[in-house]
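Thanks, everyone, for making the time this morning. I would like to walk through a few local features of this model with you, one at a time, so please have the sequence and the structure open as I talk.

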Amino acid sequence: MTSLTGSPALKVQVMCEGIRYTPALAAAAAHSMPNYYPYRFKEGEPDPTGRGIATIPYLINLGDGTEIRILGNGDSPWHVEGSRDAGYRLVDDRDGRSLPVAFEPLRPWQSGQTRDGMPYAQAGVSTHGDMLVVNVAPGCEYFLHKHDGRSMRCSFCAYGAPDERTKHLGQVTGQVQIPQATLERMAEAMDAVIEQAGVRHIYLVGGSLTDWRAEGERFLQLARFVRQANRRRIPVALGSGALPDDQLAQFHAEGLVEHVCFNLEMWSEPLFSRICPGKARYVGYERWIASLETAVRLWGRGNVYSAMVAGIELDPEHGLEWQDAARIALQGAEDLCRRGIVPIYSLVWPSGGRQRPDYHERIRAYFETLTEGYAEIRRRHDLAVADSFMCHRCAYMQLECDVDRVAEATAA
Ligand code: SF4
């Protein structure tokens with residue numbers, strides 16, 4: 001039984017259970033930011049497209065600004081009704097509960113282009129609510145390496161494979177520096193996005209390199225460029241992999257970023273090694289945490305983060321029930337907070353175990369337990385997510401900002 005209430009309780013439910021297809025959801029896609037993952041009709045589900053897949057919106061906005069990522073699920077009790085003119089409603093079949101919702105809009109920049117004709121959408125920028133994500137070198141070298149027949153990519157990762165995006169951006173394997181033309185196109189796109197999307201946070205990310213020092217050089221180049229291009233001085237977060245101490249000191253000395261976020265992804269060395277073999281091999285679990293600790297010494301408690309994937313460890317191959325998975329994740333939250341590092345948990349559905357009748361239930365029990373337990377740990381360590389790093393308007397699959405917002409409102 002969860003103690004979550006209000007928008008956070010609803011958000012966990014919708015994130016864990018997904019939303020099933022309706023014509024209203026498909027109609028919303030015409031004027032909304034499109035989902036990166038198309039809706040896949042399940043076997044036997046009525047499919048008016050006849051193609052097995054449909055485009056759906058990416059993000060739902062509740063009336064209080066809460067943002068929720070949409071995951072298509074033909075078994076979900078949640079569906080969308082209504083229209084753009086009449087307004088949309090999210091409906092729960094189980095009790096008929098219905099509430100007004102909107103979708104993250106399709107903005108003009110998404111069909112704009114740079115002076116030399118590159119669509120902004122291919123220029124290495126994207127948004128989640130009021131966060132601008134800069135990713136001008138998305139190809140991850142871990143996808144190109146195998147050891148003992150096993151790929152070094154993180155097991156949950158579907159976005160780091162070198163592909164068409166990397167070609168548009170001029171990313172070449174083995175070349176550390178980002179082409180100047182790529183940076184200049186990105187800056188043009190960035191100006192348009194900042195103007196139209198009310199951007200309040202900038203997050204620098206990219207695929208990993210097997211040499212962490214080379215990755216640091218690439219991010220130094222990127223952060224220096226963004227520092228010049230970011231005329232409104234919007235807070236910037238460094239979302240590279242863990243980096244050597246002297247490079248971190250350089251970022252700090254030059255005042256290039258306000259926040260640091262090196263994604264450990266998974267607490268406990270055995271799970272980290274299995275789920276993130278490239279990070280384990282080319283950086284190492286202890287070195288990753290040590291690098292985060294160096295960042296705390298430089299930027300201070302509360303300015304250093306680590307994104308964590310939550311739920312992937314329920315994959316049957318790891319042999320964990322949700323109670324064990326939640327216990328390990330909460331041990332990690334306690335340990336990281338003690339070091340002044342703030343983990344941020346993103347729900348990732350396990351790919352296996354879907355035949356289990358309690359597939360969605362156990363994900364939800366796990367995520368609710370983690371969310372509630374972690375809120376108490378943050379309070380005890382007097383750590384909050386800095387509003388300049390991330391807020392409820394951009395946390396599309398994370399709960400920390402939503403839970404803390406409700407707690408603050410209740411205490412006021
Ligand atoms: S480091 Fe892992 S999560 Fe990041 S792009 Fe590479 S494979 Fe994907």
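Serine 126 counts as buried in this predicted model, because 20 C-beta neighbours lie inside 10 Å of serine 126 and the cut-off for buried is 20 or more.

Let me turn to a pair of helices. Two packed helices are described by the angle between their axes and the distance between the axes. For helix H10, residues 322-338, and helix H11, that angle is about 25 degrees and the axes are 9 Å apart, and H10 and H11 are therefore roughly parallel to each other. H10 passes H11 in a right-handed crossing. Among the H10 residues that take part in the contact are Trp322, Ala326, Leu330 and Cys337, while the H11 side includes Tyr366, Leu370, Gly373 and Ile377. By class, this contact of H10 with H11 has 12 nonpolar, 2 polar and 3 charged residues.

Which residues are buried in H12? They are Glu400, Cys401, Asp402, Val403 and Val406, and what covers the buried residues of H12 includes helix H1 (6-17), strand E16 (342-347) and, once again, helix H11 (359-380). As for the length of H12, its 12 residues, 400-411, should span 16 Å at 1.5 Å a residue, and this agrees with its end C-alpha atoms, which are 16 Å apart.

Terms used
Residues numbered from 1 in each chain as written. Predicted model: local features only at pLDDT ≥ 70, side-chain atom pairs only at ≥ 80, totals over all residues. Helix = DSSP H or I, 4+ residues; strand = E, 2+ residues; numbered from the N terminus. Expected span 1.5 Å × (residues − 1). Buried ≥ 20, exposed ≤ 12 C-beta atoms within 10 Å, placed from the backbone. Contact = placed C-beta atoms within 7 Å. Axes fitted to C-alpha atoms, helices over the stretch in contact; angles between N-to-C directions. Parallel < 35°, antiparallel > 145°, perpendicular 65-115°, else oblique. Left-handed = near helix turned anticlockwise from the far one by under 90°. Nonpolar A, V, L, I, M, F, W, Y, C, P; charged D, E, K, R; others polar.
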